[in-house]
Amino acid sequence: AVAAVFGDQPASGVFISSKGHLLTCLNVLPASAREVKVRLAGGVGLTARVVKRYPRKNLALLQVPGDGYTCLPARDALPKVGTSVMAVGNTQSVHASSNQAAFHVGMVSGLIEPESEIDASGINRLIETDAGVNPGSFGGALVDLEGNLLGVLSAYYSERRWWGTAIPTAEIFEDLKADFERPSGNPGVPAVPSL
């Protein structure tokens, strides 16, 4: 359910619908990109369309062609501090050498307010984790041990704490739900089911 994304830098994306919709961090995509290359586990390369940008959340919704993708159920509530988690992503471009994502185990070490120096005006809380969040994993998945998507791994961090963070799905759940349930004005971009 996690793919490599090749934008301004190698990054990751996480499938949130079986119809090929992925979430990733907006700041890993070229500013004017309408399409971006992705690579699925197993080495399959595809072109994803940028469906929607959420600039105040630093997230983008992508879609690859096809159907039947493995996706992760998104949680609409913040996890508790101490929850065991895994960070899953294209860490250090691991997709290029192994055709699969890297997994880093840890826990939720805090729920923090974004610091004023980062451009995250639409995010109230970040999930802080001691699971490995490294270059290439930005845009990947932070999941609990049941496989629920808790957040999208980000490059944000606290200069006081220096742990990895994820943008909680709870912070964007209502935006996504509204977009997924609203009929699309573009016949090539179907409404997204089952969040």
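## The six-stranded barrel

Six strands form a closed barrel in the order S1-S2-S3-S6-S5-S4, and their pairing is antiparallel. On average, neighbouring strands of this sheet are turned by 40° against each other, direction ignored. The model is predicted.

Phe15 lies opposite Leu22 in S3. Strands of a sheet pair through backbone hydrogen bonds, in either a parallel or an antiparallel sense.

## Strand S7 and its partners

Strand S7 covers residues 84–89, and five of its six residues are buried, so the strand is mostly covered, where buried means under 20% relative accessible area. S7 pairs with strand S8, residues 102–112, through six bridges in the antiparallel sense. Within this pairing, Gly89 stands opposite Ala102 in S8.

S7 also pairs with strand S10, residues 141–144, again antiparallel, over four bridges. Here Val85 has Asp144 in S10 as its bridge partner.

## The protein as a whole

The protein has two helices and twelve strands. Along the sequence these elements follow the pattern β-β-β-β-β-β-β-α-β-β-β-β-β-α.

Of the 195 residues in the protein, 50% are buried. Among contacts with a separation of 6 or more, 59% are between residues 24 or more positions apart.

Definitions and conventions: Residues are numbered from 1 along each chain as its sequence is written. This is a predicted model: local features need pLDDT of at least 70, side-chain atom pairs count only at pLDDT 80 or more; totals for chains, interfaces and linings use all residues. Side-chain values use heavy atoms; hydrogens and water are left out. Two strands pair if DSSP finds at least two bridges between them. Axes are lines fitted to C-alpha atoms, for helices over the stretch in contact, and angles run from 0 to 180 degrees between N-to-C directions. Buried means under 20% relative accessible area, exposed over 50%, partly exposed in between (1.4 Å probe, protein chains only). Contact means heavy atoms within 4.5 Å.
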